[in-house]
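Please report on the salt bridges, interfaces and surface of the following model. Give the cut-offs for each term used.

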Amino acid sequence: MPAKVGIPRSLSYYQLFPLWKTFFEEMGAELVVSGPTTKKILDDGVKCCVDEACLPVKLFHGHVADIKDRVDYLFIPRLTSISKGEYICPKFGGLPDMVRTSLHGLPEIISTEINLRKNKRNSLKAAMEIGHYFTDKDSQIKSAYKKAVGCYNLVKDNFEKGYIPDFIRPGKTAETKSLEKDRNLNIALVGHTYNIYDSFVNMNIWRKLENKNANIITIEMVDEKAINRNARQLPKKIFWNYGRKAVGSAMHLLNEKNLDGVIYVMSFGCGIDSFVCDLVERRIRRTTDLPFIVITLDEHSGEAGLDTRLEAFIDMVRWRCTDKK
Amino acid sequence: MRTGGQPIEALRKGMEYLAGQLGNIEIRGAGTTGSGRQLASVIIGADIVKNEITAHAVAAQNLVPEVKTILEIGGQDSKIIILKNGVVYDFAMNTVCAAGTGSFLDRQASRLNIPIEEFGSYALRSDSPVRIAGRCAVFAESDMIHKQQMGHRVDDIVRGLCQALVRNYLNNLAKGKLIAEPILFQGGVAANVGITAAFEEALGKKVIIPEYYDVMGAYGAALIAKRKMEKSIDTNFKGFDACLRDYSARSRECSGCSNVCEVIELFSNDELLASWGDRCGKWSSRLEGRPLVAR
């Protein structure tokens with residue numbers, strides 16, 4: 001019987017799942033992914049997680065609780081850095097320890113450190129360590145790793161062309177996305193992947209915007225070369241992977257004449273967002289006249305508050321569009 | 001009038017009063033706004049359902065066409081709306097904190113045994129306001145109790161509270177926004193002369209209180225409804241009698257999935273009129289084939 005590897009549908013899932021999936025399947029493991037976020041998962045997470053953590057980290061705990069009794073291994077890598085010269089949120093590095101101390105009755109956790117800050121080749125080293133849980137054959141691990149990276153890159157490239165991959169598609173959106181000329185409104189939705197694509201956490205912001213005939217563009221739909229080109233114009237390098245992407249993609253989109261507004265989605269209490277959101281806002285206010293709004297997501301944010309803000313925002317965007325004509 | 005947490009009853013009373021005041025006239029259009037806008041729209045049969053931010057902006061512009069800043073403080077929430085070249089340029093609404101709203105003042109006034117209507121005049125009598133921490137309604141209260149025990153005059157404490165609320169409002173909502181004149185101050189709290197004085201002091205600018213300051217949202221919704229009905233379409237308005245029918249709302253937990261949504265159902269004489277509050281749309285889209293809550 002193949003070993004069952006559990007992956008929480010949370011945090012890095014929204015970015016790296018194609019990589020994990022291909023790799024573990026090539027290793028002959030069976031994947032168990034927790035279900036889409038529900039109130040129960042949220043409640044479970046909030047109950048066991050430390051109080052000071054942000055909502056996404058609490059949710060991660062809930063997703064672990066959802067699958068922990070159904071798997072042989074839990075895959076919670078210690079993510080320190082996923083790109084050369086950059087860090088990610090430090091909580092990602094502490095996840096395996098947080099989960100271990102907060103939840104009981106856990107299966108074995110695969111918590112290999114992944115740190116590409118100094119050297120990209122460290123990812124192969126990490127893959128070998130993970131692979132040895134399943135096989136002794138180094139060649140098998142290497143080929144699985146290659147295939148996984150290939151698959152990840154393909155998904156990422158397609159995403160940049162506007163094709164939202166199945167594993168994170170929020171709602172029914174299936175068509176290719178881009179800045180459409182004939183579409184009513186083009187709205188950039190900037191934020192962490194785990195907020196933007198988890199429709200429970202963001203209270204169906206996609207459906208709400210699409211019902212108002214808005215076409216949504218996210219960071220992942222912007223060509224990474226364009227992101228980097230724009231991010232390099234900043235006076236100082238942003239040392240967060242997400243920060244570079246958020247600011248770079250926002251700067252790129254601001255130059256597109258079809259963009260009608262920017263919505264920044266942030267988690268309450270997020271350290272990185274508190275910097276990056278401000279950077280993005282300043283860029284927008286100083287260089288353009290575009291409508292901009294920050295939506296803060298938290299455990300107790302009511303849906304009515306979001307509805308009012310979105311409605312008013314779309315009213316504002318449309319009011320300005322008709323005024324220009 | 002205050003809803004007192006019972007919007008249906010308040011709406012019924014309001015409509016009854018209106019019917020008595022207006023006599024036999026034809027209603028050509030109706031609009032609803034505010035946090036109870038969906039509920040109210042089902043009961044009265046509204047032609048437009050508009051969020052309060054847009055409604056406030058439309059109303060303010062109608063009274064003062066060149067308005068640039070709207071400060072609005074109501075019972076439960078507060079907003080700032082910035083207009084540029086005659087269109088809404090930016091807005092913000094208070095998040096979960098109630099320290100910048102009318103309910104904060106209400107609570108502190110009742111603690112000091114001052115009727116809320118006289119609250120402002122107490123503030124105006126003070127010449128050395130006491131510094132009160134306005135960051136949080138709970139902390140402000142303990143701060144205030146402490147200042148009372150120290151022996152400060154009530155007038156000075158009240159003025160300090162007004163300043164604390166204004167400080168909190170400006171820090172929270174107006175952060176980074178350019179507050180240009182003309183500035184309109186609307187919402188129920190605009191009746192409080194102490195707050196207005198504190199705003200003018202903090203901003204160093206003149207604050208205008210429009211004639212219908214306490215019903216600007218409703219005024220805006222009416223204007224939007226009027227604009228729509230000018231295209232001479234038939235109104236959805238059900239008439240005053242319909243509003244006086246027996247309505248009741250109740251909530252229940254849907255057991256369809258582990259989201260356990262709290263679904264709100266609106267009944268009239270045991271007939272289900274509308275439901276909302278579900279994430280998936282299973283219940284809200286079931287009636288009349290249209291979701292009642294703008295999603």
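## Salt bridges

Over all chains of this predicted model, the structure holds 31 salt bridges. A salt bridge here is a side-chain nitrogen of Lys or Arg within 4 Å of a carboxyl oxygen of Asp or Glu. Side chains of opposite charge can pair when their charged atoms come close.

Residues are numbered from 1 along each chain as its sequence is written, and chains are lettered from A and ligands numbered from 1 in the order in which they are written. Local features need pLDDT of at least 70, side-chain atom pairs count only at pLDDT 80 or more, totals for chains, interfaces and linings use all residues, and side-chain values use heavy atoms, with hydrogens and water left out.

## Pairs within helices of chain A

A:R100 and A:D97 form a salt bridge with their closest N and O atoms 3.6 Å apart. The two residues are three apart in helix α4 (residues 90-102) of chain A, so about one helical turn separates them. Helices are DSSP runs (H or I, at least four residues), numbered from the N terminus. A:R100 is partly exposed because its relative accessibility is 39%, and A:D97 is partly exposed at 35%. The classes are buried (under 20% relative accessible area), exposed (over 50%) and partly exposed (in between), with a 1.4 Å probe and protein chains only.

A second pair lies in helix α11 (residues 271-287) of chain A, where A:R282 and A:D278 are four residues apart and therefore separated by about one helical turn. The closest N and O atoms of this salt bridge are 3.1 Å apart. A:R282 has a relative accessible area of 46% and is partly exposed; A:D278, with 29%, is also partly exposed.

## A buried pair in chain B

In chain B, the side chains of B:K79 and B:E72 meet in a salt bridge, with an N to O distance of 2.8 Å. B:K79 counts as buried because its relative accessibility is 2%. B:E72 is buried as well, with a relative accessible area of 6%.

## Domains of chain A

Chain A is divided into domain 1 (4-160) and domain 2 (166-324), with bounds from an automatic or database domain assignment. Their C-alpha centres lie 26 Å apart. The contact (heavy atoms within 4.5 Å) takes 29 residues from domain 1 and 27 residues from domain 2. The two domains bury about 2400 Å² between them, 62% of it on carbon and sulfur atoms. Buried area is the accessible area (1.4 Å probe) that two parts lose on being put together, summed over both.

Two salt bridges are found across this domain interface. A:R244 forms a salt bridge with A:E86, the closest N and O atoms being 2.4 Å apart. Both residues belong to a network of salt bridges that links A:E86, A:K156, A:E160, A:E224 and A:R244.

## Interface of chains A and B

Between the chains, 31 residues of chain B are in contact with 30 residues of chain A. The buried area is about 2700 Å², of which carbon and sulfur atoms give 48%. Four salt bridges are found across the interface of chain B and chain A. B:K50 forms a salt bridge with A:D315, with the closest N and O atoms 3.1 Å apart.

## Nonpolar surface of chain B

B:Y17, B:L18, B:L22 and B:I25 make a nonpolar surface patch of about 380 Å². Patches are made of residues with over 30% relative accessible area and no salt bridge: like charges are joined within 9 Å, nonpolar side chains (Val, Leu, Ile, Met, Phe, Trp, Tyr) within 5 Å. Accessible areas come from the Shrake-Rupley method with a 1.4 Å probe; for residues, only the protein chains shown count as cover.
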